[in-house]
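Please look over the sequence and the model shown here before reading on. The report that follows takes up the strands, the nonpolar cores and the confidence of the prediction.

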Amino acid sequence: MKTITISLALSLASLASAQFATQVTGASADLTGSGLFNSPQAALGAPTRWYDAFGTPARTTPIESAFNVGLGGEKLLVTLNVGSFIELRFDAPVTDDPLNPYGQDFLVFGNAFYFGDPWPFENYNTTMVTGGPFEEPTRVSVSQDGVNWTAFTNGPYADTAFPTNAYLWDRATASWTSQESDFTKPVNPALAAIFAQGGMSAADVIDAYEGSGGGTGFDLADVGLTWIQYVRIEGVSGLAGGEIDAVADVNAVPEPASMLALGAGLLALARRRNQR
Ligand SMILES: [Ca+2]
Ligand SMILES: [Ca+2]
């Protein structure tokens, strides 16, 4: 039984590390015009939870998006002006899985944000979202081999809704929890229009995320592909200037019935082993 538990934990851990892009397979030479935001490696790994707000550690929230550098001085974001591009690879294929929430197969994280009031933002229960998001739509393409690319020509675009949220907020105590959001879970796309109207508190927006860490969702079915392994983000005329923080493979959510079947299967396996 012990062996099974350990190997299951290991496979879950490796699954988690494969959720974000792990490799830069291409980048234009002209990423140098954007100050700190000039390293394609900044788009690898998980989205930013904490950043250095010029001397003050700050959480990433829907009304306070990441900028500057990480707490260790590391670069967090890469800007894609017209003519600039980055190409990222996932360890494993990203599939058009019917069990992906809202049909969304991968997420692109930037530094879009909603406008909040009043400043400074202290109590998210009473800080109101007054509109936005402030966004910088930038083109996204996908590929199976890293050579042949298919663009989401009619959107969605990178560095748009939904702004990143790193931690869950506790209304009762009007304070942040240490509970991390899920960067592999999409926000319900229907909420974009509702948030843009304003009139909700920042706490309302975070609650409506339902534990998601935000990001812009992409459905591979929109471009007629069943799987991809590479994402290209580029600045083209009219669709440029956005920042990229990370890309994530959406976690499929198994139907309750198949979760039960999986549990029953493991239990049966454990029983058989114990009987030996
Ligand atoms: Ca899909
Ligand atoms: Ca931006």
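How many bridges join strand E9 to strand E15, and in which direction do the two strands run? In this predicted model, strand E9, covering residues 139-143, is joined by 5 bridges to strand E15, covering residues 227-234, and the two run antiparallel. Within this pair, Ser143 has Tyr230 of E15 as its bridge partner.

The two strands belong to an open sheet of 5 strands, with antiparallel pairing and the order E1-E5-E15-E9-E10. Because strand E1 and strand E10 stand at the edges and each have a single partner strand, one side of each is left without a neighbour in the sheet.

| Edge strand | Residues |
|---|---|
| E1 | 23-27 |
| E10 | 150-151 |

The largest nonpolar core has 39 residues, and among those with the most contacts inside it are Ala43, Ile86, Val108, Val231 and Ile233. Elements giving two or more residues to this core include E9 and E15, together with strand E4 (78-80), strand E5 (85-95) and strand E6 (106-109), and the largest share, 5 residues, comes from E5. Val108, when its neighbours within four places in sequence are left aside, is in contact with residues including Val140, Phe218, Ile233, Ile244 and Val247. A second, separate core of 15 residues includes Ala112, Tyr114, Phe162 and Val205.

As for confidence, the mean pLDDT of the protein is 90, and 86% of its residues reach 70 or more. Over residues 1-16, however, the pLDDT is below 50, and this stretch has 6 contacts in the model beyond near neighbours in sequence.

Definitions and conventions: Residues numbered from 1 in each chain as written. Chains lettered and ligands numbered in written order. Predicted model: local features only at pLDDT ≥ 70, side-chain atom pairs only at ≥ 80, totals over all residues. Pairing = 2+ DSSP bridges. Helix = DSSP H or I, 4+ residues; strand = E, 2+ residues; numbered from the N terminus. Core = buried A, V, L, I, M, F, W, Y, C linked by C-beta atoms within 7 Å. Buried ≥ 20, exposed ≤ 12 C-beta atoms within 10 Å, placed from the backbone. Contact = placed C-beta atoms within 7 Å. pLDDT = per-residue confidence, 0-100.
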